[in-house]
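Q: I would like to learn how to read the features of a structure such as this one. Please take them one at a time.

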Amino acid sequence: MLLDSVHRLPNIVSASLRAEAAKIKKIDSEIMSLRDEIKSNKKHKLNAHSIKETCISLTNKKINLLQQLEDSFDSYLLSIKEQETPLLKQIANRKRLEKKLKAKLKARRKKERLKVDEGVYCYCGRGGEGPMVECDGPKCEKKWFHFACVGLTDVPSKEAKWYCQECEHSTNN
């Protein structure tokens, strides 16, 4: 029933609905008592006719109240729809922005992965092809060096530590 779900509506609307529903309920009870009176006074046709006219009048009043109630509810729904439209546009804009940001972030991550994979090694700045030696300097920026670029021809022994020029200079100071 309509009144069962009224509690979910905002206070101003639910209060209006409750007030109108109370009026309708009162009219319904008046109509019911008039019907009972008609049944008990069937012998008095004049009185019964007057009671029927009152019932018709009350029923019309009830219809008018229901129409007013429907109009106010339609107005409320229209105001909600008017408020909803800008919010839906904001949500759509946020979703588009989020999608763009995700795409940019994905591209940036891919670019970073490529940098890590390709790596800028050695003094020459080329990739990691050919025989290379690792610098044992803990803060070495390049970390790996081509044998030819650092003047090596053989692999240094595992026990010996090897440092690039920058790291060797910083460890001696």
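Q: Is K102 buried or exposed?
A: This is a predicted model, in which local features need pLDDT of at least 70, side-chain atom pairs count only at pLDDT 80 or more, and totals for chains, interfaces and linings use all residues. Residues are numbered from 1 along each chain as its sequence is written, and side-chain values use heavy atoms, with hydrogens and water left out. Buried means under 20% relative accessible area, exposed over 50%, and partly exposed in between, with a 1.4 Å probe and protein chains only. K102 is exposed because its relative accessible area is 55%.

Q: Which residue does K102 meet in a salt bridge?
A: A salt bridge is a side-chain nitrogen of Lys or Arg within 4 Å of a carboxyl oxygen of Asp or Glu. The K102 side chain meets that of E98, at 3.4 Å from N to O. E98 is partly exposed, at a relative accessible area of 46%. Both residues lie in helix 2, 4 residues apart, or about one turn of the helix.

Q: How many salt bridges are there by this rule?
A: The count is 2. One of them joins K62 to D28, with the closest N and O atoms 2.4 Å apart. K62 lies in helix 2 and D28 in helix 1 (residues 11-40), so this pair ties together parts that are 34 residues apart in sequence. K62 is partly exposed because its relative accessibility is 22%, and D28 is partly exposed at 27%.

Q: In what order do the elements of the protein chain run?
A: Helices (H or I, at least four residues) and strands (E, at least two) are DSSP runs, numbered from the N terminus. The protein chain has 4 helices and 2 strands, and from the N terminus on the order is α-α-β-β-α-α.

Q: Which residues form the positive surface patch?
A: Patches are made of residues with over 30% relative accessible area and no salt bridge; like charges are joined within 9 Å, and nonpolar side chains (Val, Leu, Ile, Met, Phe, Trp, Tyr) within 5 Å. Lys and Arg count as positive and Asp and Glu as negative, while His and the chain ends are not counted. The place of a charge is taken as NZ of Lys, CZ of Arg, CG of Asp or CD of Glu. Here R96, K100, K104 and R108 form a positive patch. K100 lies in helix 2 (residues 45-118) and is exposed, with a relative accessible area of 56%.

Q: Where is C135 found, and which residues does C135 touch?
A: Contact means heavy atoms within 4.5 Å. C135 sits in the loop between strand 1 and strand 2. Not counting residues up to four places away in sequence, C135 touches C140, K143, F145, W162, Y163, C164 and C167. C135 is buried because its relative accessible area is 1%.

Q: Is H146 buried or exposed?
A: H146 is buried, since its relative accessible area is 3%. H146 has its place in strand 2. Leaving aside neighbours within four places in sequence, its contacts are C122, C124, R126, G127, E129, P131 and M132.

Q: What do the totals for the protein chain say about burial and surface?
A: Accessible areas come from the Shrake-Rupley method with a 1.4 Å probe; for residues, only the protein chains shown count as cover. Of the 173 residues in the protein chain, 19% are buried. The accessible surface of the chain is about 14200 Å², and carbon and sulfur atoms hold 55% of that. Among contacts with a separation of 6 or more, 42% are between residues 24 or more positions apart.
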